[in-house]
Amino acid sequence: MPEDLIEKKSNFDLTSRSAFSRDDEVFTSKSYAALLAKNIIPYSHRKFADNYVIIKKVFKFQAVMPRITNAEKALLAKYDFNTLEYTTVKQMYEELSLLQKWAVSADETLKKDSDEILEIRTKELKFIVATSYASISNEIYKGYLALENYFIEISKYND
């Protein structure tokens with residue numbers, strides 16, 4: 001039995017999987033461990049995460065949330081971000097890392113935009129979860145799962 005464990009450990013490739021990844025997710029350099037350990041989690045991120053987790057637990061998204069507006073899409077486009085339904089896990093890790101850095105930036109515009117983008121992402125996530133629907137059925141676009149897992153990891157209301 002110990003040999004099996006040693007064999008599994010020695011064959012575990014740290015560059016291909018993250019300890020926080022689901023079975024169908026591929027590791028990226030911005031794994032949850034790296035994302036959570038490398039950067040300080042801004043208060044605004046925790047606030048959005050707590051709000052999301054509480055609403056999900058209490059209401060289970062019974063009411064369908066509205067889609068994002070054209071102005072919100074324009075803000076995402078300004079920073080070259082896709083809508084959540086067209087975002088890969090890797091792109092979401094990179095985006096969350098950027099948003100963490102921007103949230104503690106000295107540039108007030110960047111701080112404000114960071115919070116607005118995370119609010120937009122939360123709205124998009126609520127819509128996808130509420131409708132049990134992702135416009136894209138392709139397995140590649142699972143950025144919404146990365147965002148949801150990020151919120152669960154950083155929320156103080158996480159089980």
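**Before you start**

This is a predicted model, where local features need pLDDT of at least 70, side-chain atom pairs count only at pLDDT 80 or more, and totals for chains, interfaces and linings use all residues. Residues are numbered from 1 along each chain as its sequence is written, and side-chain values use heavy atoms, with hydrogens and water left out.

Helices here are DSSP runs of H or I with at least four residues, strands are runs of E with at least two, and both are numbered from the N terminus. Buried means under 20% relative accessible area, exposed means over 50%, and partly exposed lies in between (1.4 Å probe, protein chains only).

**Stop 1: the ring pairs**

How many aromatic pairs does the structure hold? It holds six. Rings of Phe, Tyr and Trp (its six-membered ring) pair if their centres lie within 6.5 Å; planes under 30 degrees apart count as stacked, over 60 as edge-to-face, and the rest as tilted.

Select Tyr52 and Phe151. Their ring centres are 5.6 Å apart, with 40° between the planes, a tilted pair. Tyr52 is in helix 3 and Phe151 in helix 7 (residues 143-154), so the pair ties together parts 99 residues apart in sequence. Tyr52 is buried, at 1% relative accessible area. Phe151 is buried too, at 0%.

Now go to Tyr79 and Trp102. Their ring centres lie 4.9 Å apart and the planes meet at 50°, so this pair is tilted. Tyr79 sits in the loop between helix 4 (70-78) and helix 5 (89-103), while Trp102 is in helix 5, 23 residues away. Trp102 is buried, with a relative accessible area of 13%.

Ring pairs link Tyr52, Tyr150 and Phe151 into a cluster.

**Stop 2: a charge over a ring**

Show Lys47 with Phe48. The charged end of Lys47 sits over the Phe48 ring, 5.9 Å from its centre. The rule asks for NZ of Lys or CZ of Arg within 6 Å of the ring centre and within 35 degrees of the ring normal.

**Stop 3: loops around helix 5**

Pick Asp80, in the loop between helix 4 and helix 5. Its phi is near 60°, a positive value in a residue other than glycine. Most residues other than glycine have a negative phi. Is Asp80 buried or exposed? Asp80 is exposed, at 70% relative accessible area.

Leu84 is in the loop between helix 4 and helix 5. Leu84 is buried, at 0%. Draw a distance from its C-alpha to that of Leu125: 7.3 Å, for residues 41 apart along the chain.

Move on to Ser105, in the loop between helix 5 and helix 6 (108-131). Ser105 counts as buried, at 17%. A polar atom of its side chain lies 3.0 Å from the backbone nitrogen of Asp107.

**Stop 4: salt bridges**

A salt bridge is a side-chain nitrogen of Lys or Arg within 4 Å of a carboxyl oxygen of Asp or Glu. The count comes to 10.

Select Glu85 and Arg67. Their side chains meet at 3.7 Å, N to O. Glu85 lies in the loop between helix 4 and helix 5, and Arg67 in the loop between helix 3 and helix 4, so the pair ties together parts 18 residues apart in sequence. Glu85 is buried at 13%; Arg67 is partly exposed at 42%.

Next, take Lys78 and Asp113. This salt bridge spans 3.3 Å, N to O. Lys78 is in helix 4 and Asp113 in helix 6, so the pair ties together parts 35 residues apart in sequence. Lys78 is exposed, at 55%, whereas Asp113 is buried, at 3%.

Then show Lys90 and Glu94. Their closest N and O atoms are 3.6 Å apart. Both residues lie in helix 5, four residues apart, about one turn of the helix. Lys90 is partly exposed at 44%, and Glu94 is partly exposed at 33%.

**Stop 5: the surface patch**

Switch to a surface view. Select Ile54, Val58, Phe59 and Tyr157, which form a nonpolar surface patch with about 390 Å² of accessible area together. Phe59 is in helix 3 (residues 43-59). Patch members have over 30% relative accessible area and no salt bridge; like charges are joined within 9 Å, nonpolar side chains (Val, Leu, Ile, Met, Phe, Trp, Tyr) within 5 Å. Accessible areas come from the Shrake-Rupley method with a 1.4 Å probe; for residues, only the protein chains shown count as cover.

Technical notes. A polar contact is a pair of N or O atoms within 3.5 Å; within protein, one must be able to donate a hydrogen and the other to accept it, and residues adjacent in sequence count only if both atoms are side-chain atoms.
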